[in-house]
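This report covers the sheet, the ligand shell and the confidence of one model.

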Amino acid sequence: MTGDKTQTGDKPGRLDVSALTLRFGGVTALNEVSFTVEPGELMAVIGPNGAGKTSLLNCLTGVYRPQTGSVRLGAVELAGRRGRAARAGVARTFQNHGLFTGLTVLDNLLLGRHRLTRTGIVSGALWWGRARGEERAEREHVAGIAEMFELADVLHEKVTALPYGVAKRVEFARAIAMEPKLLLLDEPVAGMGFEETVAMAGHLLDVRERFSCSVVLIDHDMRLVMDLADRVTVLDFGVVIAAGTPEQVRTDPKVIEAYLGEEE
Ligand SMILES: Nc1ncnc2c1ncn2[C@@H]1O[C@H](COP(=O)(O)OP(=O)(O)OP(=O)(O)O)[C@@H](O)[C@H]1O
């Protein structure tokens, strides 16, 4: 079973976050947070330090169990259901990439495909021919993704040998290899220089053009956010203080006030 059938009319791949409240003791990290992301849409979630962005991502992946509220991806309820998110088609990148550093780029990308491969270990042993055929197809698929992310030259390198910016790109590519319905990007350009940031922004645009997954992007780089997002949700002390297009949010007095003193 992959999830609860909650109501008819749920759009596959639509993220529906509803009245999410998460407390840590006396701290309310998220307070009645609601928003939706349509398939193919890029939603940026921004806010000053401690606003609740990471807590939100952890609720979307079922790592944190909110006290109240729901997180639905299509018809599947994810809130508090650890382990269900990946099966439901959620892929996430991390602030400090979450790759297997001792493995090659190719193996990391193939591991991203694991959820999607049909032949398990036992059936693979029984149906060796089918397993071989599937493996070949997987390698070809992954090679195409590596090409898209300009990783073809480093496919057989171990991740540990790669510069940080390239490793972040590998992680992004691995998330795409999972063919996600919902892609969660946690500070994809953090720690990158200007050129690497521009390159990453290009890959983000590429992904938006070629795939129809819903995307939630968290980043402190306002230029990236404002350039790429279709809509922006602004959190402050766990509360949604503004939501709208980048232009609407940029000029919102509540947002300007929340960020006063935050800029370098
Ligand atoms: N595991 C935890 N235990 C207790 N309090 C927590 C925990 N995780 C987060 N918090 C608190 O919840 C609030 C929101 O934190 P969160 O890390 O989600 O904010 P953030 O917007 O991601 O911040 P940053 O931009 O600095 O990463 C903060 O007050 C934080 O101290």
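## Sheet and helix

Strands (E, at least two residues) and helices (H or I, at least four) are DSSP runs, numbered from the N terminus; two strands pair if DSSP finds at least two bridges between them. In this predicted model, local features need pLDDT of at least 70, side-chain atom pairs count only at pLDDT 80 or more, and totals for chains, interfaces and linings use all residues. Residues are numbered from 1 along each chain as its sequence is written, and side-chain values use heavy atoms, with hydrogens and water left out.

Four strands form an open sheet in the order S2-S1-S4-S5, with antiparallel pairing. Strands S2 (27-37) and S5 (76-77) are at the edges with a single partner strand each, so one side of each has no neighbour in the sheet. S5 pairs with S4 (residues 68-73) over two bridges in the antiparallel sense, and Arg72 is opposite Glu77 in S5.

## Ligand shell

The ligand is surrounded by 13 residues (a heavy atom within 4 Å), the closest being Gly50, Gly52, Lys53, Thr54 and Ser55. H1 gives the largest share of this shell, three residues.

Polar contacts are pairs of N or O atoms within 3.5 Å; within protein, one must be able to donate a hydrogen and the other to accept it, and residues adjacent in sequence count only if both atoms are side-chain atoms. Ligand oxygen atoms lie 2.8 Å from a polar backbone atom of Gly50 and 2.7 Å from a side-chain N or O atom of Thr54.

## Confidence

The predictor gives the complex an ipTM of 0.97 and a pTM of 0.87.
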